[in-house]
Amino acid sequence: MLTQSSSAVLRRWGNPKCSSSPWDSAAFFGIVSIFFVLRWVLHFKEGLGWDGGLAEFNWHPVLVVIGFIFLQGTAIVVYRLPWTWRCSKLTMKFIHAGLNLLAFALVVVSMVAVFDFHNTAKIPNMYSLHSWLGLAAVILYCLQLVLGIVMFLVPVTPVYWRAAFMPLHVYSGLFIFSSTIAVALMGITEKLIFGLSNPKYKDSPPEAIFVNILGLILVVFGALILLIATRPSWKRPSEQLSHILHTSGGGEDNIRVGPALSQLSEGTDDGEIRRRSNRLDDQDKLPND
């Protein structure tokens with residue numbers, strides 16, 4: 001028999017408008033940020049190319065925004081999107097890992113573009129704080145990806161290892177994502193200071209204003225992702241509820257789960273629902289992301 005919190009999860013899933021607006025907003029700002037960075041390099045800068053020049057360097061901000069920010073942010077919250085609760089946890093693990101692998105591949109190409117441009121132009125590598133923190137974020141992301149695959153996708157990994165590692169996995173994922181946005185803001189500011197000469201960055205030319213807006217959009221996107229990732233009511237339900245959601249056809253009218261569903265107390269407050277939901281989640285053998 002399902003608890004009142006279980007019924008609340010089913011009720012919320014049956015009404016996507018109650019749950020999807022933060023993700024809709026995050027997706028909007030993420031896509032707009034990609035449009036802005038492409039507009040920046042194609043209209044204000046030298047375009048895109050692979051010749052060792054500035055056009056090759058321009059791949060760096062484009063791929064960082066697409067991969068290291070948008071795809072990584074999407075991978076972080078993909079477990080928590082209500083329409084993914086129909087899928088099994090294993091399927092979502094592969095989707096989560098696939099998005100992160102694609103993001104990492106794009107980041108590696110962006111790093112190659114920077115080093116290739118610097119070497120061709122005889123510019124020293126790794127001299128700025130942006131480059132130090134950027135490389136550190138890439139290394140941490142690689143470690144996070146490898147450990148995540150070993151812990152959660154290798155079948156022989158003990159369950160108690162996964163349970164013990166999960167809090168660190170969640171924390172480090174949010175830390176790396178937040179750090180990535182901070183480093184990106186440092187990078188685009190650095191590029192404007194070095195790249196604008198007449199007029200200078202301090203004179204607020206159109207390119208400077210445009211890229212400053214890009215930075216604001218990245219901050220808003222990051223804030224929305226963190227909101228979704230840390231909101232208790234968005235946590236993926238237990239496997240019992242996921243199975244019910246998968247077989248229910250998506251509507252509460254089609255769910256037949258016994259009398260508990262119809263006995264939802266209207267007076268139960270959100271805190272009590274969350275506490276009961278957390279107790280139900282703790283019954284699972286494997287923790288949820």
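A pocket here is an open set of grid points with protein on both sides within 12 Å along at least five of seven lines. In this predicted model, the largest pocket comes out at a volume of about 700 Å³. Its lining takes in 37 residues, and those lying nearest the centre of the pocket are Phe57, His60, Val114, His130 and Glu190. The largest share belongs to α7, with 9 residues.

Next, the helix packing. Two packed helices are described by the angle between their axes and the distance between the axes. For helix α4 (residues 59-77) and helix α7 (residues 159-195), the axes come within 10 Å and cross at roughly 160°. Angles over 145 degrees count as roughly antiparallel, so that is how α4 runs relative to α7. The crossing of α4 past α7 is left-handed. On the α4 side, the contact uses Phe68, Ile69, Gln72, Gly73 and Ile76, while α7 brings Gly173, Leu174, Ile176, Phe177, Thr180, Ile181 and Ala184. By class, the α4 and α7 contact has 8 nonpolar and 4 polar residues, with no charged ones.

Helix α4 also packs on α8, where the two axes come within 9 Å and cross at roughly 20°. With angles under 35 degrees counting as roughly parallel, α4 and α8 are therefore roughly parallel to each other. This crossing, of α4 and α8, is left-handed too. Here α4 puts in Val65, Ile69, Phe70, Gly73, Ile76 and Val77, and they meet Leu218, Phe221, Ile225, Ile228 and Ala229 of α8. The residues of the contact of α4 with α8 split into 10 nonpolar and 1 polar, again with no charged residue. Ile69, Gly73 and Ile76 of α4 turn up in the contact with α7 as well as in the contact with α8.

Most residues other than glycine have a negative phi, and most peptide bonds are trans. Met126 is not a glycine, yet has a positive phi of about 55°; this residue, Met126, is found in the loop between α5 and α6. Asn198 and Pro199 are joined by a cis peptide bond, with omega at about 5°, and Pro199 has its place in the loop between α7 and α8.

Terms used. Residues are numbered from 1 along each chain as its sequence is written. This is a predicted model: local features need pLDDT of at least 70, side-chain atom pairs count only at pLDDT 80 or more; totals for chains, interfaces and linings use all residues. Side-chain values use heavy atoms; hydrogens and water are left out. Axes are lines fitted to C-alpha atoms, for helices over the stretch in contact, and angles run from 0 to 180 degrees between N-to-C directions. Helices (H or I, at least four residues) and strands (E, at least two) are DSSP runs, numbered from the N terminus. Angles under 35 degrees count as roughly parallel, over 145 as roughly antiparallel, 65 to 115 as roughly perpendicular and the rest as oblique. A crossing is left-handed if the near helix is turned anticlockwise from the far one by less than a right angle, and right-handed if clockwise. Contact means heavy atoms within 4.5 Å. Ala, Val, Leu, Ile, Met, Phe, Trp, Tyr, Cys and Pro count as nonpolar, Asp, Glu, Lys and Arg as charged, and the others, Gly among them, as polar. On a 1 Å grid over the protein atoms alone, a cavity is a set of points where a 1.4 Å probe fits but cannot get out, and a pocket is an open set with protein on both sides within 12 Å along at least five of seven lines; lining residues have an atom within 4 Å of a point. Grid points are joined across faces, edges and corners, and a volume is the space filled by probe spheres set on the points.
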